[in-house]
Amino acid sequence: MYSEKELEEHSKWNWWTIGLLILAFIALIFSFFAPKLLVQPSKSEALDFSRTGQIGDTIGGIMNPFVAITGVILTFLAFWIQFQANKLQYKQNVNNRERDFAEKKKEKDEYLKDNLRLVHFDLKEIIRDVKSNLPLLKNFYEMENSKPVQTNILKRTAQSGSFKNVLEMNRLVVFNAFQRYIPKDSGTLFGRYQSTLEHLSALFENLHLVLDNHVTKKFEELTSIVTDLKVALDLASGMISKKDVEPISPEVLDLLNKLISEYYLVINEALDENGNIREQTNLVKLSETALKNFLVKSLSIKKNDLGKYDFRLEEIEKLISSIRKRVFKVRQDSLKVAQEVKEQYDQLLHGIQYEGDESLNQESILSTLESLEKAIGEALEQNTIKKDKVK
């Protein structure tokens, strides 16, 4: 780009152009006085033009050279001024083009910087979101391990899944922003940024899908189990209430009473001192005490003393046997899900560690996000400092 001083120099007249213009003006003025001056008698015959030809020819012959010289000078000056004007216009056009290019480059840089600022802001939000979800994940898998046969819900923060906003940004624009403001290792950083967010998105999406499905099925199964428990207890209570009409052996009566008493013993553990529900019934304990004891005793009577056995117990046995199998399955499914959630939790917070080959170790997602956020923040800060120094 040409400086203002250079442009100003082209708009000024040089000393010699001014001199030529003055010379042309003098020659033109002198041409009017030349005939009178040059036709006066002179002592020198060489300079005496008083007896030369007709007066008109004399005047024309005398003035024409001066007029012609003036014309040549003025014509040259006109061409020279036009040439200078063309050079000035060319330089002004160059300056305008370069100014437009600089403005467009500045606009593009600001656009890329704005996108990088947005990425930086979103990364901060994602890091905050991951950190707020980590204790919730930990609490969930610990509850699934300690109380697998109860409905445990994974709470989510309000911003859960906000990383999708970043993935919806134009990848090429983000990549150009990385190249512009983080030229060193921009390709590596962008690759880590893109792959980490895609993995994080898939991780949370799959995790929530699995857990939503697990919790729904688990709730339905537990509801069904509780319903069947009530049916089994109603059948047992019915047999006891009809003992006068349909006699039962003392052994069976004792068996039914123990089933009911042990059942309510476990149920009462879930109630507070006022009889309100404090927590869900411990179905695992119920299965391993009241239900298991009933099956063992009932099958023992059936096997060892068939005469004292009541075949109405078979329906209760089938229900209780089915309940125990379903409780076991719910427990195993919950422990499996708890392990999956713990693995995802460890991957988010601690990364993946391989005992055999440390070169295969993977950095935690959280630390990767924090290193990316730091690199982008430093790049934006350095650019701001440079801009302030230029000003």
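View 1. At 8% relative accessibility, Tyr 141 counts as buried (buried means under 20% relative accessible area, exposed means over 50%, and partly exposed lies in between, using a 1.4 Å probe and protein chains only). This is a predicted model, in which local features need pLDDT of at least 70 and side-chain atom pairs count only at pLDDT 80 or more, while totals for chains, interfaces and linings use all residues. Residues are numbered from 1 along each chain as its sequence is written, and side-chain values use heavy atoms, with hydrogens and water left out. Tyr 141 sits in helix 3 (helices are DSSP runs of H or I with at least four residues, strands are runs of E with at least two, and both are numbered from the N terminus). Now look for Lys 342: it is 201 residues from Tyr 141 along the chain, yet their C-alpha atoms are separated by 6.2 Å. Asn 139 is in helix 3 too, but with a relative accessible area of 43% it is partly exposed.

**View 2. The whole chain, for orientation.** How many helices and strands does the chain have? There are 10 helices and 0 strands, so read from the N terminus the elements go α-α-α-α-α-α-α-α-α-α. The chain has 391 residues, and 34% of them count as buried.

View 3. The structure holds 21 salt bridges (a salt bridge is a side-chain nitrogen of Lys or Arg within 4 Å of a carboxyl oxygen of Asp or Glu). One of them joins Glu 370 and Lys 131, with the closest N and O atoms 3.2 Å apart. Glu 370 belongs to helix 10 (residues 365-390) and Lys 131 to helix 3 (residues 55-146), so this pair ties together parts that are 239 residues apart in sequence. Glu 370 is partly exposed at 30% relative accessible area, and Lys 131 is partly exposed at 43%.

**View 4. A salt bridge with buried partners.** Here Lys 218 pairs with Glu 144 in a salt bridge, and the closest N and O atoms are 2.8 Å apart. Because Lys 218 lies in helix 6 (residues 186-241) and Glu 144 in helix 3, the pair ties together parts that are 74 residues apart in sequence. Are these two residues buried or exposed? Lys 218 is buried at 5% relative accessibility, and Glu 144 is buried at 0%.

View 5. The side chains of Glu 246 and Arg 312 meet in a salt bridge, at 2.4 Å from N to O. This one links distant parts of the chain, 66 residues apart: Glu 246 is in the loop between helix 6 and helix 7 (250-269), and Arg 312 is in the loop between helix 8 (283-304) and helix 9 (313-349). Glu 246 is partly exposed at 35%, and Arg 312 is partly exposed at 27%. Elsewhere, Lys 105, Asp 109 and Arg 180 are linked in a network of salt bridges.

**View 6. Helix 6 against helix 9.** Two packed helices are described by the angle between their axes and the distance between the axes. The axes of helix 6 and helix 9 come within 9 Å and cross at roughly 160° (axes are lines fitted to C-alpha atoms, for helices over the stretch in contact, and angles run from 0 to 180 degrees between N-to-C directions). That makes helix 6 roughly antiparallel to helix 9 (under 35 degrees is roughly parallel, over 145 roughly antiparallel, 65 to 115 roughly perpendicular, and the rest oblique). The contact of helix 6 with helix 9 has 24 nonpolar, 6 polar and 7 charged residues (Ala, Val, Leu, Ile, Met, Phe, Trp, Tyr, Cys and Pro count as nonpolar, Asp, Glu, Lys and Arg as charged, and the others, Gly among them, as polar). The crossing of helix 6 and helix 9 is left-handed (the near helix is turned anticlockwise from the far one by less than a right angle; clockwise would be right-handed).

View 7. In the loop between helix 5 and helix 6 you'll find Asp 185, a residue other than glycine with a positive phi, near 60°. Most residues other than glycine have a negative phi.
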